[in-house]
Amino acid sequence: MYSIVNCKANTMATNSTHTITFDGDIALKRIKRKQTYLRERDILKKLNEHGCQNIVEYRGCDDVKNVIYMTKVNPGVTLEYVMSKQVFHLYTRRDIWAQIWAALSHIHTLGVKHGDFKAKNILMDEDDIPYICDFDLGAFSSQVSDDCHKAKILYYQLFCIRDGDTHHWPYHNSDKKYRNGEQIHMLTGPELAKDIANLMV
Ligand SMILES: Nc1ncnc2c1ncn2[C@@H]1O[C@H](COP(=O)(O)OP(=O)(O)OP(=O)(O)O)[C@@H](O)[C@H]1O
Ligand SMILES: [Mg+2]
């Protein structure tokens with residue numbers, strides 16, 4: 001009932017810097033700039049070698065054509081799209097969040113920052129399992145505060161959505177967030193961890 005299975009997947013995404021196409025169960029990301037290609041390829045490779053869960057699965061590459069092969073997530077709609085179209089059951093949101101948070105934490109322990117962490121870069125499969133994708137702005141770096149800040153925003157996007165309310169959480173930098181005129185305090189890292197732990201009970 002709460003599955004995202006009915007959402008339509010994008011069949012192809014393209015912009016000036018890269019193209020995504022699909023061939024059977026493989027998603028191919030062709031990136032124009034060599035440096036960007038190498039960065040995403042190396043990060044994905046490392047995360048997969050370390051068995052990171054809830055990350056798109058790296059399947060190989062073509063260094064001549066600058067193509068990264070990944071397992072296609074089905075239907076592969078973005079979490080942003082899903083959140084704009086439907087309201088999840090609370091238990092589904094908890095599950096999704098727990099997986100996303102664990103995956104991001106794992107990435108960080110491996111010394112990788114995502115660099116563009118947001119609902120649009122999380123793909124959902126038919127069983128509501130999230131997969132973090134799009135590491136082309138990532139880096140081998142321990143400077144992960146921006147990822148954590150974005151994770152907090154995502155957390156609030158996921159849990160502040162009420163039935164029938166498709167309002168999008170505004171992306172701004174202040175620590176004080178307002179929603180329908182109501183001020184909401186953005187949690188610090190430890191507060192967030194505690195909050196999540198409580199949520200999981
Ligand atoms: N492994 C995959 N399985 C299914 N779909 C994928 C996969 N990888 C990418 N896509 C599709 O391609 C889109 C863009 O991928 P990605 O986020 O890696 O590139 P991007 O740099 O953000 O491109 P854009 O600027 O178009 O969002 C995703 O939102 C998704 O629809
Ligand atoms: Mg993206």
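Strand 5 (residues 67-71) of this predicted model has a covered face formed by Ile-68 and Met-70, while Val-67, Tyr-69 and Thr-71 make up the uncovered face. In a regular strand the side chains alternate between the two faces of the sheet. Strands (E, at least two residues) and helices (H or I, at least four) are DSSP runs numbered from the N terminus.

Strand 5 pairs with strand 4 (residues 58-62) in the antiparallel sense over four bridges; pairing requires that DSSP finds at least two bridges between two strands. Within this pair, Cys-61 has Ile-68 as its bridge partner. Four residues lie between the strands of this hairpin, in which Asn-66 takes a positive phi near 55°. Strand 3 (residues 26-31) also runs antiparallel to strand 5, and five bridges join the two. Here Ile-26 stands opposite Thr-71.

Phe-159 belongs to helix 4 (residues 145-160). Phe-159 is partly exposed because 15 other C-beta atoms lie within 10 Å; a residue is buried at 20 or more such atoms within 10 Å, exposed at 12 or fewer, and partly exposed in between, with C-beta atoms placed from the backbone. The C-alpha atom of Phe-159 is separated by 7.3 Å from that of Arg-93, 66 residues apart along the chain.

The protein has five helices and twelve strands. Of its 201 residues, 29% count as buried. Contacts are defined by C-beta atoms, placed from the backbone, that lie within 7 Å. Among contacts between residues at least 6 apart in sequence, 68% join residues at least 24 apart.

Residues are numbered from 1 along each chain as its sequence is written, chains are lettered from A and ligands numbered from 1 in the order in which they are written. Local features need pLDDT of at least 70 and side-chain atom pairs count only at pLDDT 80 or more, whereas totals for chains, interfaces and linings use all residues.

Methods:
Two residues are in contact if their C-beta atoms, placed from the backbone, lie within 7 Å.
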